[in-house]
Amino acid sequence: MSDVSRPNLPRVRTPPTDPVLDELWSDPPGLLGKLKAVQNDAIGKRLILTGFFFLLLGGSVDSVVMRLQLAVPNNDLVSPQLYNELFTNHGSVTMFLVILPIFEGFAILLLPLLLGTREMPFPRLGAFAYFTFLMGGLLYYSATLFSAVPDAGWFAYTPLSGLEFSPDLAIDFWVLGLGVAEVGAIAAAVEIIISVLKMRAPGMTLSRMPLFAWAFLVTAFMILFAFTPLIIGSMLLELDRGFGTQFFNVDAGGSSLLWQHLFWIFGHPEVYIQFLPATGIISMVIPTFMRKKMVGHTWIVGSMVAIGFLSFGLWAHHMFTVGLSPIVGSFFAGASMVIAIPAGVQIFAWLATIWAGRPRWGTPLLFTVGFLALFVLGGITGVMVASVPFDLQAHDSYFVVAHLHYVLIGGVGFPMFAGVYYWLPKMTGYSLDDRLGKWNFWILFIGVNVAFFPMHIVGLMGMPRRVYTYPEGLGWETYNLISTVGVFIIVAGIGVFVVNLILSHRRKVPVANNPWDAPTLEWATPSPPLQHAWSIPPIVTSRYPLWDQDDLYSGSEGDEALVEALGQWPLRWRAVLATSTADAEPEEVFRVGGPSIWPLITAFGTVTIFAAELLKLRLGALAGMAVIVIGAIGWNWPDSPPITEEEELEFEMAHKIPVRVGGSLTVARWGMGLMNLFVGIAFMSILLAYFYLRLDNPAWPPPGIENPSPLAIISATALIGVAGWGFRRGLRRIREGDGDGLLRGTGVALLAALGGVVIAGSHFIGLEFSSQDHAYGSVFHTLGWFILVVTTAAIVMTALIVYWTVRGEYSERRHVPVSNVGFFWTTAIIVWVIGFGVLYLTPALT
Amino acid sequence: MKGATTDQPRWLTWHVLVLAGPVIWYLYFWVVYLLAEAGCSRAFPETQWFGVSWVALATLLLTVIACSLLAYFTFTAYSAARSNPDLIEPTREASLYALGALLGAFFLVATLFVGVPAAVLDVC
């Protein structure tokens, strides 16, 4: 591995079609155009700016007031109630509304440039993700307007968050507002996964993929696996609060620890969901500023993947004090300690690169080194609290507050600043002032240590967290005062950053396309980039293309001809290239969605459901659902293709690659696969709740409730089986070009499935026990109705397929939606069989 | 789809070798956790096999099985990575096999961290 610094960087070609492509890819002008916008740079910037706005609202103001309150003992600046609201808001906003959307914004903004593609695979899904995040955040914050501010901590433990102790709407705002934002986070994660796996430039194999993309790939999968159980947990909490179910009511067979499990299955991976993107940014900054290729690239990738998996085996280390059995405690302690290995591997790989390189001390590198110092400290205290005996002492003390702030500010905040200083020149065409940047860094670095280091000591001295004041004479006064001073230093540091942004925006000193002599693809494009990012998609033959490649368009003869042709054709629709997962070999040219108002409408329908539940307007929820269905139909309505099948074929013949104007087959299949994964994880989360409650109850069903007869479900299952068979048959027919056969098959599927759902639904309505009788009834009804909702979604999709088949939309070449709905049917049937099998068979077996 | 090396079964592709370590560990972790939860709450917590709690024995047995599987996949991935001699610019597959070997070895250690304490700790 050699040092690198090349004066003649490869440049992007600017074909004469550039202006046409730029116009084709631009969002429409005006206010309506902004609402319809789907371009990744618009969505990415919006996510970052909105996250920063929520940070200013929730992260900074709350913390300043809390620290002022704790500056001296027996202070009465704020009441205990307001203090509870402040720390609840501070934690909730930071964890849900700030860090994650900012990082997802980074990904959506940068990935197309970094990967050498023109756009994310589902631009409308990106817009939907943004609007749901925004509306969820606003719904959450609107609690203040109704004087119903959440006050049960960012974890909302039951029974504190139950109706008995939180009877007003505050917790409903917390559950529902953040629930909407979580939907947005998952939508953005789907975008990120597919773009990284399927949208890379030709030649960018997985081994050549930038570490930034690896970090976001792992993170996005983690979001899918972590946020889904939280959504299910939040749903169960809201069912308890709004519908009288008994999931968390110990007196009726429920369990308050069930909430803790569901919450921390999300909550601990969430820390790594925030940390891993930071490692991606650090791994981009260090090679550039050390002028050295990354030492241990594969080791860092392995560490990211290992952390991603391992983080899902740590959740109960937040629950060491609830009375876990010793062996269960040891499982989680072992897993929590061993995660230090991949984290340490990353640290040593970065240090080795720094050791071997020649540093340029720009602001991004300063923040990177600051990250290393702070994160190591936060990581070591993390290993300390992984030890059960130590945790029993330090739990809920200020030691933990110190630990988590070193991890989150040092391990996440500093890389975020590094990323902004690093990429802002690319995105805006001007750079931030380096001198102010250094002031920004040093003030923040000093402030963080002054504010949070004393918390280690005061925590070990016994100061509990989440107390609004403390008495004199315990020896805590000086440490608390120092921490308060530290927070004001941090505020000054952030102030310097804001001033730097404003001044730099006013001055607009232009920068070169690659001001840092960086090695990755995005720096080859103009600053700011064109709307379509790449007129001619690049060909990649190295991990560091701008350092190693003489030009960006040399590859195999076929690839060269293909990328060249994509610069010339098509000019009437938004074409992108899908490539194979491992080797990034071109697989198909397909059309991505253009500007549309439907994502906004669908997001509005989503938030309407949640808001209606908040107001207990159940009809409003139905209206929201109707809006979502209408929105989804409008979103996916098949508009007339801009070219004929013959034109598609002509390009296919010339370049031996499928052209799919009606939508991608491979990318859409990945999208449906991830949707199925989401359904599967949600289903598994309810199953987990079912078995957890089963273990918690001596009799199942409880005395007084009979195990219901399975006869109705057996007949409904037979009909669902017929539906699945019918749909498969229809799909086979259209693959042979038989439209009538498709209509017959999907028609049979529709009727049979409707019959099955009606029978099962009637059976559930007629059950002798309700969801309010006992935790058994609650989980029985919830799981049963979940299965019926999944099947109903398949029915709605099938109905649309039938309608579009009648309209003649599908042909042997163009039937991607039919394949996708068939895929969803497979999942729906698996969920049906396993779900009803558990409900009706396990009571007899256990 | 080719196997990792010419003398390996065809199903041992890079996908399998990269994901084997994490997936085996994850499944192992859930199984031992649920087993311990069920064993300590409902399923005969006092029962012993050979004078040892059945939960501890089952955990140790599962740990041995998981470690054996992880060792097999780690070794296979390592061998496949080594079969590519070019370490300067490794092929795509060699890099992914190396990644699989790293992950397999790490999760072998992680499995031992999780499972071995069952040999010495009180169970319930």
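Predicted model: local features only at pLDDT ≥ 70, side-chain atom pairs only at ≥ 80, totals over all residues.
1. What does join the two chains? Contacts link 40 residues of chain B with 41 residues of chain A. Between them, chain B and chain A bury about 3,200 Å², with 79% of that on carbon and sulfur atoms. One residue pair is counted in polar contact between chain B and chain A, both residues being at pLDDT 80 or more.

2. Now for the side of chain B that touches chain A. Helix H1 (14–41), H2 and helix H3 (92–115) of chain B are the elements that give two or more residues to it. H1(B) gives the most, with 15 residues. By class, this side of chain B has 31 nonpolar, four polar and five charged residues.

3. A word on confidence in chain B. Its mean pLDDT is 84, and 85% of its residues reach 70 or more. Helix H2 (residues 54–82) of chain B has the highest confidence, at a mean of 93, while strand E1 (residues 48–49) of chain B has the lowest, at 78.

4. Finally, a residue in chain A to look up: Asn820(A) lies in helix H26 (residues 816–845) of chain A. Is Asn820(A) buried or exposed? Asn820(A) counts as buried because its relative accessibility is 11%, and buried means under 20%. Neighbours within four places in sequence aside, Asn820(A) is in contact with Ala668(A), Arg669(A) and Met672(A).

Notes:
Residues numbered from 1 in each chain as written. Chains lettered and ligands numbered in written order. Heavy atoms only, no water. Helix = DSSP H or I, 4+ residues; strand = E, 2+ residues; numbered from the N terminus. Buried < 20%, exposed > 50% of the residue type's maximum accessible area, 1.4 Å probe, protein only. Contact = heavy atoms within 4.5 Å. pLDDT = per-residue confidence, 0-100. Buried area = accessible area lost by both parts, 1.4 Å probe. Polar contact = N/O pair within 3.5 Å; in protein donor to acceptor, adjacent residues only side chain to side chain. Nonpolar A, V, L, I, M, F, W, Y, C, P; charged D, E, K, R; others polar.
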